[in-house]
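Dear colleague,

Please find the structure we discussed below, together with its sequence. I would be grateful if you could read the notes that follow with the coordinates open beside you.

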Amino acid sequence: MEVKIGVLHTPREIVLESGQSAEEVERAVEEALAGKAQLLSLTDDKGRKVLVPADRIAYIEIGEPATRRVGFGAV
């Protein structure tokens, strides 16, 4: 699952591939924004944790996993 996180006052977004389902990511975001957790904590495919302060989240984009294209053919 590809997750993009926009952070306030930061020109770049955080992009990670997570093994979590869309529902798990959405639940974690809802808990952080509701004040139940001070940090949004997500784990990427390589086991690294990404922590973002909940009060600095500008937006979250949850998408499908990116497919890797192989070859030099015209698309």
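The notes below begin with the overall layout and then turn to the sheet, the helix and one glycine.

Please bear in mind that this is a predicted model. The protein has 75 residues, of which 24% count as buried. Its secondary structure consists of 1 helix and 5 strands, which follow one another along the sequence in the pattern β-β-α-β-β-β. Of the contacts between residues at least 6 apart in sequence, 50% join residues at least 24 apart. The accessible surface amounts to about 5700 Å², and carbon and sulfur atoms account for 50% of that area.

With regard to the sheet, 3 strands form an open arrangement in the order β2-β1-β5, with antiparallel pairing. The edge positions are taken by β2 (14-17) and β5, each of which pairs on one side only. Direction ignored, neighbouring strands of this sheet are turned by 15 degrees against each other on average. The antiparallel pairing of β1 with β5 extends over 6 bridges; V3, for instance, has I62 in β5 as its bridge partner.

The helix, α1, comprises residues 22-33. At 1.5 Å a residue, its 12 residues should span 16 Å, and the separation of its end C-alpha atoms, 16 Å, agrees with this. Its buried residues are V25, A28, V29 and A32. These residues cover an arc of only 100 degrees around the axis, which means that they lie on the same side of α1. What do the buried residues of α1 pack against? Their partners are β1 (2-7), β3 (39-43) and β5 (57-63). The helix α1 lies across β1 and β5, and runs at about 170 degrees to β5. Just after α1, G35 adopts a positive phi of about 90 degrees.

Finally, I would draw your attention to G6, which is found in strand β1. Is G6 buried or exposed? With a relative accessible area of 3%, G6 falls under the 20% cut-off and is therefore buried. Leaving aside neighbours within four places in sequence, G6 is in contact with E13, R56, I57, A58 and Y59. One of these residues, R56, is 50 residues away from G6 along the chain, yet the C-alpha atoms of the two are separated by 8.6 Å.

With kind regards

Definitions and conventions
Residues are numbered from 1 along each chain as its sequence is written. This is a predicted model: local features need pLDDT of at least 70, side-chain atom pairs count only at pLDDT 80 or more; totals for chains, interfaces and linings use all residues. Side-chain values use heavy atoms; hydrogens and water are left out. Helices (H or I, at least four residues) and strands (E, at least two) are DSSP runs, numbered from the N terminus. The expected span of a helix is 1.5 Å times one less than its number of residues. Buried means under 20% relative accessible area, exposed over 50%, partly exposed in between (1.4 Å probe, protein chains only). The arc is that of the directions from the helix axis to the C-beta atoms. Contact means heavy atoms within 4.5 Å. Two strands pair if DSSP finds at least two bridges between them. Axes are lines fitted to C-alpha atoms, for helices over the stretch in contact, and angles run from 0 to 180 degrees between N-to-C directions. Accessible areas come from the Shrake-Rupley method with a 1.4 Å probe; for residues, only the protein chains shown count as cover.
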